[in-house]
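Please consult the sequence and the model shown here.

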Amino acid sequence: MTAGQSPCFSAAVLAGGFSSRMGRDKACLPFGGTTLLGFQVGKLRALGIEDIMISGSEQALPGTRSVPDVYPHRGPLSGIHACLTAAKGRAVLFLGVDTPLIPLETLRELLSSHENGVTLLRHGERTEPLIGVYDCTLAPLCEEILRTEHTGVWQLLNRTATKLLPFDGDETVFLNANTPEDHARLLRLWEGGGSL
């Protein structure tokens, strides 16, 4: 699979969660001349992906569709399941709404590297389960897990062929906006010379 075949992929911005530490909806926070949600959607469009879904937010952005959870309040896996079920492509590139510094080229490498199962980014000793490509054929297994008491994404990954794509760049790009202080730091980093 090459990045030139992006039409084979759908994409989804994971914008759910209660944003309890932020105190307001993270998707609406300003970033890069738009909102965090708008910024991430723009990044996915730049990859040539036409089918872009938004999970966990009812914000209407042109050219996207909101996909509600089939199993609400069950964590990120519920959003992954809903988007895998609703996707038009054979696999879905997932991107968290609150990690805007992930380079476009890194996302392109994820698409190019994906063969089957799940392909995730790994940096240092950490794997990023919410930045990766998931095959749509995993939807039934997601549903099976969501019907249990233990619904973490790792319940899926431990039962799925998972490929890890090493990231050797500056790990600052994985910073996310969990608190107002995090958001302010991300804005400073971006305004200091960030780019897609």
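The model is predicted: local features need pLDDT of at least 70 and side-chain atom pairs pLDDT 80 or more, whereas totals for chains, interfaces and linings use all residues. Residues are numbered from 1 along each chain as its sequence is written, and side-chain values use heavy atoms, without hydrogens and water.

**Strand β6**
- Because six of the six residues of β6 (residues 91-96) are buried, the strand is largely enclosed by the rest of the structure.
- Strands (E, at least two residues) and helices (H or I, at least four) are DSSP runs numbered from the N terminus.

**Pairing of β6** (strands pair if DSSP finds at least two bridges between them)
- β1 (residues 9-14) runs parallel to β6, joined by six bridges; Ala-12 stands opposite Phe-94.
- β8 (residues 126-135) is antiparallel to β6, with four bridges.
- In β8, Gly-132 is the bridge partner of Phe-94, and Asp-135 stands opposite Ala-91.

**The sheet**
- Seven strands form an open sheet with mixed pairing, in the order β5-β4-β1-β6-β8-β7-β9.
- β5 (64-67) and β9 (162-166) stand at the edges with a single partner strand each, so one side of each lacks a neighbour in the sheet.

Key: Buried means under 20% relative accessible area, exposed over 50%, partly exposed in between (1.4 Å probe, protein chains only).
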